[in-house]
Amino acid sequence: MTEVRRFPCRPESVTAARRFVRDRLRDESADIVEAAELMTSELASNCIRHAHTEFELSIGLREGIRVEVRDMGDGRPVMRSPSPAEPSGRGLRIVEAMASTWGVSPSPSGKVVWFTLASPAPAAREERGAAVANDAGAARGSSSPGIDRASADASRNAGACRRVGAWWRMGARLSRNLVAWPPLRRARPRPA
């Protein structure tokens, strides 16, 4: 099932997009949710900062997780290699490091930047819920065995999330401060 939401070209939309991802992925592991939030934050920020357009965020949960951010901007994202002193330019590097796959697709009215994350199959999700119950029982003295909670791909995503934990913390701080950044306060959608 895919859920879609549209956001205006305002800095506050980055926070709202992260909240939408967190709410939609509430049944996933914390590592997966954090990775999806960070990457969504980076792509939403790019829409506001570079495309200067509203954006549409879609989250699909079929075979894994697919997040798409669609904007009406003309340009294509460019992977940069900023120096440590540069305050921006790392968003696509973060997406590349954390996503299972990612890409850019042209659309009739702009582009779609997307990424995927591996997630346990629905049966594994149910097992994970049972494992949480078993873990709670074990804490009370039950001898129920634990259940493997993630597939190999989901483990790889979680490892990537831990490897770029500093980026996550920095991204969250930047996103919180985005609202106060003067160039973005003046960002307006381009006239049609």
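Are Phe 7 and Phe 55 buried or exposed? Phe 7 is buried, and Phe 55 is buried as well, where buried stands for under 20% relative accessible area, exposed for over 50% and partly exposed for what lies in between, with a 1.4 Å probe and protein chains only. The model is a predicted one, in which local features need pLDDT of at least 70 and side-chain atom pairs count only at pLDDT 80 or more, whereas totals for chains, interfaces and linings use all residues. Residues are numbered from 1 along each chain as its sequence is written, and side-chain values use heavy atoms, with hydrogens and water left out.

**View 1. Ring pairs link Phe 7, Phe 20 and Phe 55 into a cluster.** Rings of Phe, Tyr and Trp (its six-membered ring) pair if their centres lie within 6.5 Å, and planes under 30 degrees apart count as stacked, over 60 as edge-to-face and the rest as tilted; by this rule there are two aromatic pairs. The centres of Phe 7 and Phe 20 are 6.3 Å apart with the planes at 55°, so this pair is tilted. Because Phe 7 belongs to strand 1 (residues 2-7) and Phe 20 to helix 1 (residues 12-24), the pair ties together parts that are 13 residues apart in sequence; helices (H or I, at least four residues) and strands (E, at least two) are DSSP runs, numbered from the N terminus. For Phe 7 and Phe 55 the centres are 5.2 Å apart and the planes at 20°, so that pair is stacked. Phe 55 lies in strand 2, so its pairing with Phe 7 in strand 1 ties together parts that are 48 residues apart in sequence.

**View 2. Glu 56 in strand 2 (residues 55-62).** The side chain of Glu 56 makes a polar contact with that of Arg 6 at 3.1 Å, a polar contact being a pair of N or O atoms within 3.5 Å in which, within protein, one must be able to donate a hydrogen and the other to accept it, while residues adjacent in sequence count only if both atoms are side-chain atoms.

**View 3. The largest nonpolar core has 33 residues.** Such a core is a set of buried Ala, Val, Leu, Ile, Met, Phe, Trp, Tyr and Cys residues joined through side-chain atoms within 4.5 Å. Leu 25, Met 39, Phe 55, Leu 57, Phe 115 and Leu 117 touch the most other members. Helix 2 gives the most to this core, with 10 residues.
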